[in-house]
Amino acid sequence: MNSIKETHFNFPGQTSFYKGKVRDVYTIENKFLAMVVTDRISAFDVVLPEAIPFKGQVLNQIAARFLEATADIVPNWVISVPDPSVTIGRICEPFKVEMVIRGYLAGHAAREYTAGRRHVCGVALPEGLKENDILPEPIITPTTKASVGHDEDISREEILARGIVSEEDYVKLEAYTQALFKRGTEIAAKQGLILVDTKYEFGKVEGQIYLIDEIHTPDSSRYFYKEGYEERQQKGEAQKQLSKEFVRKWLIENGFQGKDGQVVPVMTEEIVNSISERYIELYEKITGEPFVKPAEGSVLTRVETAINNALSVM
């Protein structure tokens with residue numbers, strides 16, 4: 001199928017190019033970014049060998065939708081979305097922290113709690129919780145934004161003590177994070193979903209804070225299905241999730257967790273198509289709208305043309 005595995009464009013005014021795990025980012029005149037959300041897929045910090053058709057479109061369109069739906073809370077980096085797989089926006093100087101917010105005891109926080117720790121990133125947790133329980137109130141558990149290697153937990157106090165973010169700015173980031181999570185929770189509830197936890201990244205241009213990167217996608221957030229949540233909790237059953245956890249599960253079942261010496265299992269056409277179908281299902285559940293596949297033709301030509309047209313009027 002006609003997926004975007006990699007791009008090699010050269011745009012007018014292009015000053016640099018960065019290839020991330022799943023995104024190809026073109027810097028234009030050191031002012032703007034043209035971000036192509038490719039169909040590459042990563043798990044356990046490894047980019048898998050096969051691209052997943054329409055995955056990039058799913059993520060880009062969900063992010064664009066939520067950024068537009070929260071623009072009244074905080075301005076964001078987006079200038080235009082000229083193609084289903086492309087976002088063009090302003091360059092921001094990113095804060096070197098990711099604002100992770102949790103409404104439920106899940107994932108990393110649950111693992112810390114099970115290990116006996118009652119503080120996560122300096123935030124105290126009450127006794128008597130079990131995995132996937134709702135927290136008394138959402139908590140912010142920031143991580144460092146690592147240039148190399150893994151992000152690490154960090155407390156509010158340490159962020160301020162080390163001068164990573166000024167107190168004035170950090171207070172604003174906390175307020176934005178809480179307001180964004182509240183809005184995301186409300187939107188998710190209308191779709192029969194629970195926004196369990198997510199992360200936000202922020203940057204700054206000329207003194208103004210902007211929301212950057214993607215938000216509320218299944219790659220950056222964890223969702224539970226609302227229906228049956230209480231019953232599953234009472235029975236101690238695993239929650240039904242809406243995330244890319246199914247990809248990790250398939251890899252684990254086939255002996256791969258990103259450890260030394262392990263080999264990525266063969267991704268047959270059947271597996272690739274099934275993952276693609278699941279991403280489309282994620283899109284339709286999160287947005288409540290049918291997924292529209294682009295017209296057939298060269299996807300790379302379509303993307304390049306869309307970016308050139310958008311840049312020509314900027």
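Student: Is the crossing of H1 and H7 left-handed or right-handed?
Tutor: Left-handed. That means the near helix is turned anticlockwise from the far one by less than a right angle; clockwise would be right-handed. Note that this is a predicted model: local features need pLDDT of at least 70, side-chain atom pairs count only at pLDDT 80 or more, and totals for chains, interfaces and linings use all residues. Residues are numbered from 1 along each chain as its sequence is written, and side-chain values use heavy atoms, without hydrogens and water.

Student: What angle do H1 and H7 pack at?
Tutor: About 15°, with the axes 9 Å apart. H1 covers residues 55–69 and H7 residues 269–287. H1 and H7 are therefore roughly parallel (angles under 35 degrees). Helices here are DSSP runs of H or I, at least four residues; strands are E runs, at least two.

Student: Which residues of H7 make the contact?
Tutor: Tyr279, Ile280, Tyr283, Ile286 and Thr287. The H1 side includes Lys55, Leu59 and Phe66. Contact means heavy atoms within 4.5 Å.

Student: New topic. Where is His216?
Tutor: In the loop between strand S15 (208–212) and S16.

Student: Is His216 buried or exposed?
Tutor: Buried, with a relative accessible area of 0%. Buried means under 20%, exposed over 50%, partly exposed in between, using a 1.4 Å probe and protein chains only.

Student: And what about Asp45, what is its phi?
Tutor: Near 65°, also positive. Asp45 sits in the loop between S4 (42–43) and S5 (46–47). Asp45 is partly exposed, at 44% relative accessible area.

Conventions: Axes fitted to C-alpha atoms, helices over the stretch in contact; angles between N-to-C directions. Parallel < 35°, antiparallel > 145°, perpendicular 65-115°, else oblique.
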